[in-house]
Amino acid sequence: MSKFKKKKSGDLPAISTASLPDIVFMLLFFFMVATVMRQNTLMIENKLPFADQVEKLDKKDLIMYIYAGKPSKRYQAQYGTEARIQLNDKFASVEEVQQFIYSERESKREELIPYLTTALKVDEETNMGLVSDIKQELRKAEALKINYTTVVGDAMQNVE
Amino acid sequence: MAKRSAPEVNAGSMADIAFLLLIFFLVTTTIETDSGISRKLPPWQPEDVEPPVIKQRNIFTVLVNSNNQLLVEDEEMELSELREAAVEFLDNGGGTGDEACSFCQGAKDPNSSVNPQKAIISLVNNRGTEYGTYIAVQNELVAAYNELRDREAQRMYGMSFTQMEKNYNDPNYNGDKDALKEKIDVITDMIPQKLSEAEPTS
């Protein structure tokens, strides 16, 4: 009777899963680095119109976003159904656009300021009155480079 | 008594936690980039500045009313016909002498534009116009310019204008960028994008 009796086992040893977390962590870090979080929570309906003569907007850090559209369902009780402007995470009035542009400029490095572009993400059902008001404010703030953000597609779909 | 060793922490659920995080980041990742129609706004001007006088024949007026209907040069028009009409106007080349257009292939109508450098498209919309329609109209007008520019670039350099611009903006393009820029400038000088937007009517 020996104390050191070798265990007799004919089974295959289980594959070690100890390195599984490492693999998963590697993937995790990749996605963490590649993730660009949605900067703003949308409080409005934002169905962009279609267009096919488009240019790509690279350099996300040089873009200021202005959203406009009808308040989405959960905010309609509070804000009504009239189209509104959204800057950052809250509704804003037309007068606040200028202030928004100035504060965005403040936060960027000085040499980048001439390259700033304003992207207008406007719901396709919004009336042009509101968009024109925004454009007037942008002209006053001297933010002249704008981009009407659209979905790539046939423009004829807008009028149907 | 024998010293009891600290029990080993079971690391088996580590993978689960990591997977949870992984799935979260997978879902929130957006790799798409935005695209859209780029425009440049005119600088803010005081009200009392006299607008320059432009001959009526060189202006192509596009009116959009609050019911999203188009009035082009005092005639009702469908959106699908707008591109063709705009090309016809820009490409008319009705000028003579100094104002003659060397490359235009249009009808040379004396009541339409003299040359593309002089031709201005004026877009007036109503405050009630839907944004979608406005973008569609903008898109058609930009398309008209692009169509002409493509034609001329193809004729002069054997490459379409949109392709030239695409190459120019491509960081991996290994051709001569300065020469390309020069060509692009020649074309944009020949056919400048003169799209004027007036204050909306209410």
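Biologist: At what angle do helix α2 and helix α3 of chain B pack, and how far apart are their axes?
Modeller: Helix α2 (residues 79–90) of chain B packs against helix α3 (residues 131–157) of chain B at an angle of about 40°, and their axes are 9 Å apart. That makes α2(B) oblique to α3(B). Angles under 35 degrees count as roughly parallel, over 145 as roughly antiparallel, 65 to 115 as roughly perpendicular, and the rest as oblique. The axes are lines fitted to C-alpha atoms, for helices over the stretch in contact, and angles run from 0 to 180 degrees between N-to-C directions.

Biologist: What kind of model is this?
Modeller: It is a predicted model, in which local features need pLDDT of at least 70 and side-chain atom pairs count only at pLDDT 80 or more, while totals for chains, interfaces and linings use all residues. Residues are numbered from 1 along each chain as its sequence is written, and chains are lettered from A and ligands numbered from 1 in the order in which they are written.

Biologist: Back to the helices. Is the crossing of α2(B) and α3(B) left-handed or right-handed?
Modeller: α2(B) passes α3(B) in a right-handed crossing. A crossing is right-handed if the near helix is turned clockwise from the far one by less than a right angle, and left-handed if anticlockwise.

Biologist: Which residues of α2(B) meet α3(B)?
Modeller: Leu79(B), Leu82(B), Arg83(B), Ala86(B), Val87(B) and Leu90(B). Among their partners in α3(B) are Ala136(B), Val137(B) and Glu140(B). Two residues are in contact if their C-beta atoms, placed from the backbone, lie within 7 Å. By class this contact has 11 nonpolar, no polar and 3 charged residues. Ala, Val, Leu, Ile, Met, Phe, Trp, Tyr, Cys and Pro count as nonpolar, Asp, Glu, Lys and Arg as charged, and the others, Gly among them, as polar.

Biologist: And how does α3(B) pack with α4?
Modeller: α3(B) and helix α4 (residues 161–169) of chain B pack at an angle of about 90°, with axes 7 Å apart. That makes α3(B) roughly perpendicular to α4(B). From α3(B), the contact uses Asn146(B), Arg149(B), Asp150(B) and Ala153(B), and from α4(B), Phe161(B), Thr162(B) and Met164(B). These divide into 3 nonpolar, 2 polar and 2 charged.

Biologist: Change of topic. How many residues of chain B are in contact with chain A?
Modeller: 44 residues of chain B are in contact with 49 residues of chain A. On the chain B side, α3(B) gives the most, with 11 residues. That side of chain B divides into 21 nonpolar, 17 polar and 6 charged residues.

Biologist: Which strand of chain A pairs with β1(B), and in what sense?
Modeller: Strand β2 (residues 55–56) of chain A pairs with β1(B) in the antiparallel sense, over 2 bridges. Two strands pair if DSSP finds at least two bridges between them. Glu55(A) stands opposite Gly36(B) in β1(B).

Biologist: How many helices and strands are in chain A?
Modeller: Chain A has 4 helices and 7 strands. Helices (H or I, at least four residues) and strands (E, at least two) are DSSP runs, numbered from the N terminus. Along the sequence, the pattern is α-β-β-β-α-β-β-α-β-α-β.

Biologist: Why is chain A called more spread out than a compact globule?
Modeller: Because its radius of gyration is 26 Å, well over the 15 Å that the globule rule gives for 160 residues. The radius is taken over C-alpha atoms, and the rule is 2.2 Å times the number of residues to the power 0.38. Along its principal axes the C-alpha trace of chain A spans about 95 × 45 × 35 Å.
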